[in-house]
Amino acid sequence: LDKIAEILSILLGPHVWGPVVIFTTVFRSGLDLDHIKIILPLGFLFVFVIPMGYIHLLRWQGKLSSWDMTLREERPKVLFVGLISIIFSLISTYFFANQLLFHLTLIFVIFAAVSLAITKFWKISLHMEMTVAGSMMLNFLFNWQLPILYLTIPVVFWARYQLKKHTVPQLLAGTIVGIIAGSIVYLGL
């Protein structure tokens, strides 16, 4: 079961889920092709490449116990770099995108800041946050026509628990933060 949980955790984690959410958000936000050519590489760089690259650099240097930052104490510096990087993405959306994409990116910034604040004191499941908020955001962008995405939520919950990466309260907290972020998308736009 651990091998299945590990595969699911990777497939539904930031290495795969992150690019899916980025690409889908950019393409479904109503931008014309000229703006997509600018904003997609910038968004991919700031929201995915820099944060994931930093994680892999720290892992390569032996400064992280695992790529998914099992120890809470390892997370704040990574989340801080991610937050700063996502702020640069927000700035680029201000200049090169529309209001919808700017607001969605602003929600990512708030989401990253909340995750950083919580992680300074307590370990929370970032996988659950991303899965829940990402499922809600993609459903919003597809006019609530993809409820099947919500099936990923219990799958990720089970996988992270099976791998002993999180306790039930940490997984529930990640779910709640994800619901709040996803609800901001729904209520704020």
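Tutor: A salt bridge is a side-chain nitrogen of Lys or Arg within 4 Å of a carboxyl oxygen of Asp or Glu. This is a predicted model, in which local features need pLDDT of at least 70 and side-chain atom pairs count only at pLDDT 80 or more, while totals for chains, interfaces and linings use all residues. Residues are numbered from 1 along each chain as its sequence is written, and side-chain values use heavy atoms, with hydrogens and water left out.

Student: What makes the contact of R72 with E73 a salt bridge?

Tutor: The closest N and O atoms of R72 and E73 are 3.6 Å apart, and because the limit is 4 Å, the pair qualifies.

Student: How exposed are R72 and E73, and how do you know?

Tutor: The classes rest on relative accessible area, where buried means under 20%, exposed means over 50% and partly exposed lies in between (1.4 Å probe, protein chains only). R72 has 24% relative accessibility and therefore counts as partly exposed, whereas E73 has 56% and therefore counts as exposed.

Student: How many salt bridges does the structure hold, and what makes the contact of D68 with R160 one of them?

Tutor: The structure holds three salt bridges. In one of them the side chains of D68 and R160 meet with a distance of 3.0 Å from N to O, which lies within the 4 Å limit, so the pair is called a salt bridge.

Student: Where in the chain do D68 and R160 lie?

Tutor: D68 is in the loop between helix 3 and helix 4, and R160 is in helix 7, so that the pair, 92 residues apart, links distant parts of the chain. The helices are DSSP runs (H or I, at least four residues), numbered from the N terminus.

Student: Are D68 and R160 buried or exposed, and how do you know?

Tutor: The relative accessibility of D68 is 9%, and since this is under the cut-off for burial, D68 counts as buried. For R160 the value is 2%, and R160 therefore counts as buried.

Student: Why does the phi of M69 deserve a remark?

Tutor: Most residues other than glycine have a negative phi. The phi of M69 is near 50°, a positive value in a residue other than glycine. M69 lies in the loop between helix 3 and helix 4, and with a relative accessibility of 6% it counts as buried.

Student: What is the phi of K164, and is K164 buried or exposed?

Tutor: The phi of K164 is near 60°, again a positive value in a residue other than glycine. K164 lies in the loop between helix 7 (152-162) and helix 8, and its 71% relative accessibility is over the 50% cut-off, so K164 counts as exposed.

Student: How do you know whether the span of helix 5 agrees with its number of residues?

Tutor: The expected span is 1.5 Å times one less than the number of residues. Helix 5 (residues 99-119) has 21 residues and should therefore span 30 Å, and its end C-alpha atoms are 30 Å apart, which agrees. Among the buried residues of helix 5 are L101, L104, I107, V109, F111 and L116, together with T105 and T119.

Student: How are A5 and I38 classed by accessibility?

Tutor: A5, which is found in helix 1 (residues 2-11), has 0% relative accessibility and therefore counts as buried. I38, which is found in helix 3 (residues 33-60), has a relative accessible area of 35%, and because this lies between the two cut-offs, I38 is partly exposed.

Student: How far is A5 from I22?

Tutor: A5 and I22 are 17 residues apart along the chain, and their C-alpha atoms are separated by 24 Å.
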